[in-house]
Amino acid sequence: MSKKIRVVVVDDSALVRSLLAEIINRQKDMECIGTANDPLIAREMIRELNPDVITLDVEMPRMDGIDFLGRLMRLRPMPVVMISTLTERGAEVTMKALELGAIDFVAKPRVGLASGLNDLAEQIVDKIRIAAVAHVRRGVVRDIPVAVAPLHPVGASVASASPGGLLGRLSTEKLICIGASTGGTEAIKEVLVQMPADSPAIVITQHMPPGFTTSFAARLNGLCQITVKEAVNGERILPGHAYIAPGGKQFHVTRSGANYVAVVDDGPAVNRHKPSVEVLFKSAAAVVGRNAFGIMLTGMGNDGAAAMREMKDAGSYNYVQDEASCIVFGMPREAIAHGAADEVLPLNQIAGALLARLRGSPDRVLHRI
């Protein structure tokens, strides 16, 4: 029998500790080896029991979960799954936790706690399993925007951002498509902070539940030279902007004349995900073709791999994050296995390679008249 995943639960609620322990102990491949009601007790328990994964609440007595996580990831990096209440503040704090090195999070219900957590049982144990095999990084928060040279030389003629234009633009307007899951919030930030203000439009699907993508987009918008926002159904997709799929919705692109347009709807889950990378990438293959660039970042599973191959067959150029720099190498591995990758690169080289290709490509018209 394989070794069980050993989990310590840290939460100030006795009910939550009991429920999480019960959920964990129902699994054949894991066990709750201890619970703690505050981080100071948890610290001693971690030293004594050496767990494989800890689940960590945010708001606790004596030291909040974020302070504890920051210290833990500096001194003893290990897999952490955050248990965060679905509130505006909870979403902002969760983004901070992911920056500090937490592997993933579960949105804890505010009402009906017992039934709500049991409804989330499959999600909780799946994320614990992923955390147990993830590549843990030491928490480093880099909030300083990076200075980026523009794609266009100063004084270059660039087309107006107003709707319309010649049909010839159908063959020149580029679109960058990014898919990610576990570990993706930081990976996406690593790419976007390197993009100049005159970047082609970027569309992004990051696996994330409702209520968290607003904070994610706002956080990135404050760090990047491009404008980052949640996608809104029917809006035009503009250069110099990045659009993030809203949590709990499907997001794809279509055309209206010469323009790309966002479609956000309540379509069914695909590959168990909503939003799904498969949905976004399939639309890019059908609508954008050879003017698309695909980027597959860290994440568990195979969501988007088949559609990324469709993008490549339609003429896109695709970048896939390499194993060493991934938190979880599932989605990138599957993209490579499907023959979807043109280049497999460390995370910190993807944006640079993309920008070099955009600057050096002979067909780099990029909205130019």
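Let's start with Asp-126. At 23% relative accessibility, Asp-126 is partly exposed; that class runs between buried, under 20% relative accessible area, and exposed, over 50%, with a 1.4 Å probe and protein chains only. Keep in mind that this is a predicted model: local features need pLDDT of at least 70, side-chain atom pairs count only at pLDDT 80 or more, and totals for chains, interfaces and linings use all residues. Residues are numbered from 1 along each chain as its sequence is written, and side-chain values use heavy atoms, with hydrogens and water left out.

What does Asp-126 meet in a salt bridge? Its partner is Arg-129, at 3.3 Å, N to O. A salt bridge here is a side-chain nitrogen of Lys or Arg within 4 Å of a carboxyl oxygen of Asp or Glu. Both residues sit in helix 6, residues 121-133, three residues apart, so about one helical turn separates them. Helices are DSSP runs of H or I, at least four residues; strands are runs of E, at least two; numbering goes from the N terminus. Arg-129 is partly exposed too, at 28%.

This pair belongs to a network. Salt bridges link Asp-126 and Arg-129 with Asp-29, Glu-122 and Arg-272.

Zoom out. The whole structure has 19 salt bridges. One of them joins Asp-52 and Lys-3, at 3.2 Å, N to O. That pair links distant parts of the chain, 49 residues apart. Asp-52 is in the loop between helix 2 (39-49) and strand 3 (53-57), and Lys-3 is in the segment before strand 1 (5-10). Lys-3 is exposed at 61%; Asp-52 is partly exposed at 23%.

Another bridge: Asp-266 to Lys-274, 2.7 Å, N to O. Asp-266 is exposed, at 55%. Lys-274 is partly exposed, at 27%.

Now the pocket. The largest pocket has a volume of about 900 Å³. On a 1 Å grid over the protein atoms alone, a pocket is an open set of points with protein on both sides within 12 Å along at least five of seven lines; lining residues have an atom within 4 Å of a point. Points are joined across faces, edges and corners, and the volume is the space filled by probe spheres set on them.

Helix 6 gives the most to the lining, five residues. Strand 5 (104-108) and helix 7 (184-192) each give two or more.

Definitions and conventions. 1 Å grid on protein atoms, 1.4 Å probe; cavity = no way out; pocket = protein on both sides within 12 Å on 5 of 7 lines; lining within 4 Å.
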